Amino acid sequence: MADTLAERAPLPRFFSRGALALVLGIYTFYTLGPFLWLMTMSVRTTAEISTDHYAFPKKFHWEQFRIAWIDSDFATYFWNSTIVVVSAVAVVTLFGAAAAHALARYRFRGNRAVYGILFSSIIFPPQITLISLYQILVDYNLYNSLLGLTLVYVSLQLPLTVYLLEGFFARIPQDLFDAAKIDGYGDLEIFRRIVLPIGMPAIATTLILNFIQLWNEFLFAVVLITDPDKRTLPVGIRAFMGDHFQDIGMIATGVMISVIPVIIVYVFFSEKLIRGMTAGAIK
Amino acid sequence: MRATAVGLAAISLVALCAGAAPASAQATQITMWSNWPDEPAKKDWVTARVKDFEAANNKCSVKLSFIPKADLYTQAKSAVRTGQAPDIFYMEPDQPEFLAGGFLEPLDGYVDLNQYEDWSKPAWTSKGKVYGLPVEAYTVELYYNKDAVKKVGIDVPASFQLTQDQFTDLVKKGVAAGITPVAQGVGDRPFPGGLLLFESLLRKLGTEEYGKLLDGKLSFKDPRVVEVMTWMKTLVDAGAYPKSFSTLKLGESHFYFYNTPGALTFPDPSWFTGRAFAPPEGGGMPANFSLGIMQFPAMDKGTCPECKTLAVAGSFVMYAKSKNKDCSGALMKSMATVENGTKWMEQVSLQTGLKSDPAKINSPRKDYFAELNARNKDVKYFFGTPLLYYRAKCAETYTQVMNNAFPAGLLSVQDAAEKMDAACFKS
Amino acid sequence: MAVVTLDQITKQYGPTGPVVVDHVDIHIADGEFMVLLGPSGCGKSTTLRMIAGLEEISSGKLSIGNRVVNQVPAKDRDIAMVFQSYALYPHMSVAENLAFGLRRRKFAAAEVDRRVSEAASILGLTPLLERKPSALSGGQRQRVALGRAMVREPMVFLFDEPLSNLDAALRVNTRTEIIKQHKRLGSTMIYVTHDQVEAMTMGTRICVMNAGKVAQIGAPLDVYWEPADTFVARFLGSPPMNLASAMVASSATGHGARSASLESPLTRWSPAVLGSLIDKKITFGVRAEDLFMNKAALGSEPAGLVRGRVIAVEPLGAETLLLIEVEPGVEWTARLPRHVPVSTDEIVELYYPASAAFIFDATTGRAVIGEARRDPRQ
Amino acid sequence: MTTTSMSSDASGGAANASSLADPRRASWWVLAIFLFPALAVYVGLTAYPAFRTFYDSFFTIEGLDATFVGLDNYRALMSDETFWVSVRNTFIWSFVAPVLDVATGLLLALALYAGVPFARFLRVAWFTPVLLSYVVVAILWTWIYNYDWGVVNLVLRALGLDALVTSWLGNPNTALAALIVTHAWKWAGFNMVVCLAAIHSLPSEVLEASELDNCGWGAKLRYVIVPMLRPTLLNLYILAFIGKMKIFDLVWIMTQGGPLWATETVSTYVYKRAFNWNTFDLGYPSAIASVWFVVVCGAVIILNRLLATRERLEY
């Protein structure tokens, strides 16, 4: 192990090896510690936690997960989150990729203006468009509906998606498009058969980033959804946290339930995420 | 040109999607939002009222949702502007903007106002009309741990009211014994940090002058006010509050008081019971806890030692643009009865703005009720809390300064008074 | 198989923008291998892209196989193109890359397979069919690109600098491969390059382009021996043709060119042609391989002379390059036999056969036409 | 003879002309197919609400009544002390926090690239905080900063540093720093992944060459790695910068801008004025948002001037 360190390291001698291991160990504890702590709390009752916040669970109260899942409608929240986030991510990726392709590939008057406009909306503080958005959704009868929330999510993530994908698509050599054109493919087919497959690393990256961000989105979800049956997970957790009660154990359980899917997505796709970024999605 | 076309097309697309969404709201269904999703006693009371109403009235059905207060306010604020707010929703009098904005329907024509306690009407009265159904009411009380107070060597007199010096003594003895004298936290609430100071100001100034203070007609640099604040500052500096004061949440401060690490006193509105009487395994008060209620300390040369704050909290209001005012009114009317007031007292162990019949109250918390009633005998009520009077910048300053920075020991008396005057003092 | 005709083809970006291809006329015969040669930015690639249908034609008429194709989309022009970057689809295997263009054209699966395997075996790609382009070497990618064009069996092949990303050895091999395929297929091929060696070795004819215009079209050696102007003269040949300005003078022995450092009889031009040039300034040129140290080497031929200061002697083994400064700022290069007994800063005189001299109009740079230049080595 | 339109306008030219023209051009309907969905979403759900916000900023809105007040809101803003405090805090966030985020991310990426053992595990471990929502992060870190049993104070007490024990979120001197640390905790992993990706795409010869030059890691970082990663680092910095200029969730859940406005940011102030101010006035918060939009745009444009390179991708 020490050998690999010395051999592969183009950048050794940061510190002595021991010091490096210590620093990295501490940092790992720093990032992972709170999370592990949360995990222990999720299987302990609030009373147990209160006596000692840091003890290892003596008895694993797995039933807390069952209680949270069933009694507190986590199943519903979870399902709602899944529907909204998955469809929003799918739509924003498709719309964003199409726009990014057009902006990266075609010359037309106003190209940079359109790009600038789309990108600049990344800057706008969301708190203040909230009311207007609300009114618009009400006007179109999309208020308090998962469809409305999905559309809003699409609009939220669109700028970042276009930004990342445009940067990647612009690096695909023009010759590929010329070749496909000579091979007889039309603009839409080129998009589907050339741009999307080649852009996969970058698209995977945006998929993952969008998923993580939307899965955790709170502000719009709380304002645009009032029906308890339509709550998404973050709002569900907030409701769960309650107004007066600080049931730490159950909160930790609920939090774990909401975090697990994201962790799974990451563990499965982290290679893709890195590869996408290496291929130039973000540079 | 093209941009316009795109815009129009965008809107039509969105409209197209909208067409697919199912139209909601049946003719006879009304919607109602309530707070208290996690306070079973109150939730049960509301649910039972709605069930009773539906059983007695087959023309109206009610879609009832329980939503945490902060979220409910955020949603209601957006919803009222667009005509989409629920027909009936939860509101407290410290959100005067709904009334001022004209979003609330006067209830005079719908409910029997004789079923209200006389003191609860003004909280919702504006220009001669009553706008709210005051379900929940409370007094501000000073809860204490009888055993712990005795242990540090303080004898609570028969009047259950300490003098200013005695209270100072209690603080000092508590600190010396390593027990926090006053359990209080402002981590998630804009008001608890001001309770002790403002209750003291009330007893010092009396209802009239105190009212002026809250109306911004009396300066915080008034010598009487400065005197109380200076006393308060000595308590703060002596270590009256927990070190974690600024971040301690309301729920946590409960736990702090009657569980770990424990404290001598706990100033809290009487809806204290909502959490304290929950089962101990859910964070409630241990069964053997020696809970007592005393009066806030009497101020030296205080005008009104017997004064006390009484306020209306959780209420229900009707949306001015409700499309089903008949059903909504009928529901409100069915809720506003003496019988329901009594049930509230019985189930929630808390005051109500509705009239109630004390004789019929059959509460499992009889002892507690007896003590609460005893402390509210022969008192002179002042109606309303600071946040009921303060708005906008002034409310924000109260939250930051009087609720937090001053009791946390971050500001001198002079600075605190100046900041309050700058934001609240008129002329 | 097709004839390709460019009739006054012009490319201009925007109504007032730069003209990158300026009224180009090229007629490419059926089965011909036409090389478009020129420095970068001369418009050769743009011309090719217009033929391919990848670039709008601003004006002029383009026909392929006697059909005017200005309005015909690229896919319907029956052409195939090999790109400088190969343009292989990175997400597809070699086989899929080869088949991609055919699939679109709705060929039967069996036919697609047949063509793909045939092309693969011709080009030695059979063992690589399942690989992705990223797993191939540069030369292999080149062959896939070529194969992709071949399976289409188009009327016209277009090549856009296909060898410039290969190393020298591979370039020679692939060059041969392309020539071989041209012979085998007999298709019309249009090949863009800036490399004169490729142009000389591959082309049936060469079209030298300069600044958006055709400078000269002709068989490779014709262009070499009879450059139409100073640009072609310098662009073809390595080292480029030596040029210097001189005056035409008449003397007792006939007409000659003369300047401070050179003196040459002009034997290839009729007196009538030269008469009008007397006492006028011309550009005088001699190729490097025509310069000699020793006058005796020229035998009985009338010889010209040039004088200059030695700047550098570069022995290359088989030969030696001698750089001299004939006038301030004007350098000539001589390609000499191995041993050159001179040293730097020495003043030397070099000789050349008078028949090897070129003269060009001093202002337009156009060659003054004379009797055909006889290849001295024949 | 002009056979085809010379127009550079995308919509010019007949439909069939488009397919034979420059492949970098497309007919209007192709562009429309690609751009319309995104633009529709943008116009309907971003531009229109944003425009409405700007429009609202010239009004005072009480309930349903809007009164035109011209530039009054903007004038009031200039003398609004809380606003300026929030601007100061936000600028501290925006300029300090991204440096912290990006520097940490870079160092972590270097450690992984240098081939520390368990790199795969560490990469996932260090990225975990990115996956947590602000609600969760806020809950966790409020517990961590807890005065009585929070781990920070427990450690300090264990080390005998009782003098340093404080209510981290309750003390105006430490609250902002505490939030920035929390935020860096959440985002360092993200920056690490991006930096790692960028380092992997650097030509390894350069790193090896610098190894031969025998320069220390500090020098190498300074003269080789950072300059070569400059575009990536700048891009990350700008993304982080924009994020911080809008910072809201974490602050709102953890401190609501307190104590004494020590952690108030422009976004929390906007939200507070819009939803927590006991008024229905949207005009004033809209004015803040509009001003801030301009400020952020300006800052981003200035920062963006710093990166212009965009090399092509090689296969």
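Begin by selecting chain B and chain C: no contact joins them, and their closest C-alpha atoms lie 23 Å apart. The model on display is a predicted one.

Next, select chains A and D. Five pairs of chains touch, and the pair A and D has the most contacts among them. On the chain D side, 87 residues take part in this contact, and chain A contributes 81 residues. To see where the chain D side draws its residues, colour helix α2 of chain D, residues 28–56: this helix supplies the largest share of the side that touches chain A, namely 16 residues. Colouring the side of chain D that touches chain A by residue class then shows 61 nonpolar, 14 polar and twelve charged residues.

Now return to chain B and select residues 392–405, helix α15, together with residues 413–424, helix α16. The axes of these two helices of chain B lie 8 Å apart, and the helices pack at an angle of about 165°. Because angles over 145 degrees count as roughly antiparallel, α15(B) is roughly antiparallel to α16(B). Their crossing is left-handed.

Finally, display the side chains where the two helices meet. From α15(B), show Lys393(B), Cys394(B), Thr397(B), Val401(B) and Met402(B). Facing them from α16(B) are Ala416(B), Lys419(B), Met420(B), Ala423(B) and Cys424(B). How do the residues of this contact of α15(B) with α16(B) divide into nonpolar, polar and charged? Seven are nonpolar, one is polar and two are charged.

Technical notes
Residues numbered from 1 in each chain as written. Chains lettered and ligands numbered in written order. Predicted model: local features only at pLDDT ≥ 70, side-chain atom pairs only at ≥ 80, totals over all residues. Contact = placed C-beta atoms within 7 Å. Helix = DSSP H or I, 4+ residues; strand = E, 2+ residues; numbered from the N terminus. Nonpolar A, V, L, I, M, F, W, Y, C, P; charged D, E, K, R; others polar. Axes fitted to C-alpha atoms, helices over the stretch in contact; angles between N-to-C directions. Parallel < 35°, antiparallel > 145°, perpendicular 65-115°, else oblique. Left-handed = near helix turned anticlockwise from the far one by under 90°.
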